[in-house]
Amino acid sequence: MLIARTGWSEAPPSILIVEDDPAVRRSLLLLLQGRGFAAKAWSAADPALAEAARAAPDCLIVDYRLEESDGIAMLGSLRAQGWEGPAILISAYASGELSAQARAAGFALVLEKPLREHALVDAVTRLTRSGSPSATG
């Protein structure tokens, strides 16, 4: 069973990034590592799921459209493994319908690309401090 940590007490929160665009993936990785998070990035769901099974992340950031999957399906796979941590869906195609689907699937929030750095960092900070998907209030 995958369990997310609920605080910052010992090590920096681990962030799992899944984004198939290399430039966006690298940007997110550098941004979050630069802010002190233990971030790892993957280009596809399958290797990211394998990483999560090895070491459950404290937070997931996943793109909606991936080459062989999508972010909602990936979160479903993590939830099926027992992971209950907070998740953020990112998409260049955000809509009311997608936001509703994402929330129903258990995402704490949906952020539209291009991402605003401060909004992402603030959200990840808030979610990893509380350890709760409902922390976006």
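Colleague: How many strands form the open sheet, and in what order?

Modeller: The open sheet has 5 strands in the order β2-β1-β3-β4-β5, with parallel pairing. Two strands pair if DSSP finds at least two bridges between them. Helices (H or I, at least four residues) and strands (E, at least two) are DSSP runs, numbered from the N terminus.

Colleague: Which are the edge strands?

Modeller: They are β2 (38-42) and β5, each of which pairs on one side only. Neighbouring strands of this sheet are turned by 20° against each other on average, direction ignored. Axes are lines fitted to C-alpha atoms, for helices over the stretch in contact, and angles run from 0 to 180 degrees between N-to-C directions.

Colleague: Which helix packs on the sheet, and which strands does it touch?

Modeller: Helix α1 (residues 22-34) packs there and touches β1 (14-18), β2, β3 and β4. The direction of α1 makes about 175° with that of β2. Contact means heavy atoms within 4.5 Å.

Colleague: What kind of model is this?

Modeller: This is a predicted model, in which local features need pLDDT of at least 70 and side-chain atom pairs count only at pLDDT 80 or more, while totals for chains, interfaces and linings use all residues. Residues are numbered from 1 along each chain as its sequence is written, and side-chain values use heavy atoms, with hydrogens and water left out.

Colleague: Back to the strands: how many bridges join β3 to β4?

Modeller: There are 4 bridges between β3 and strand β4 (residues 87-91), and the two run parallel. Leu-60, for instance, has Ala-87 in β4 as its bridge partner.

Colleague: And the chain as a whole, how do its elements run from the N terminus on?

Modeller: They run β-α-β-α-β-α-β-α-β-α, with 5 helices and 5 strands in the protein chain. Of its 137 residues, 43% count as buried. Buried means under 20% relative accessible area, exposed over 50%, and partly exposed in between (1.4 Å probe, protein chains only).

Colleague: At what angle do α2 and α3 pack?

Modeller: α2 and helix α3 (residues 71-80) pack at about 25°, with their axes 11 Å apart. The two helices are therefore roughly parallel to each other; angles under 35 degrees count as roughly parallel, over 145 as roughly antiparallel, 65 to 115 as roughly perpendicular and the rest as oblique.

Colleague: Which residues meet there?

Modeller: Ala-45, Ala-48, Leu-49 and Ala-52 in α2 meet Met-74, Ser-77 and Leu-78 in α3.

Colleague: What about α3 and α4?

Modeller: α3 and helix α4 (residues 96-105) pack at an angle of about 5°, with their axes 10 Å apart. That makes α3 roughly parallel to α4.

Colleague: Changing topic, is Asp-58 buried or exposed?

Modeller: Asp-58 is buried, with a relative accessible area of 3%. Asp-58 sits in the loop between α2 (45-54) and β3 (59-63), and its side chain reaches the backbone nitrogen of Ser-14 at 2.8 Å.

Colleague: Last one: which residues does a cis peptide bond join?

Modeller: The cis peptide bond joins Lys-113 and Pro-114, with omega about 0°. Pro-114 is found in the loop between β5 (109-112) and α5 (117-130).

Methods. A polar contact is a pair of N or O atoms within 3.5 Å; within protein, one must be able to donate a hydrogen and the other to accept it, and residues adjacent in sequence count only if both atoms are side-chain atoms.
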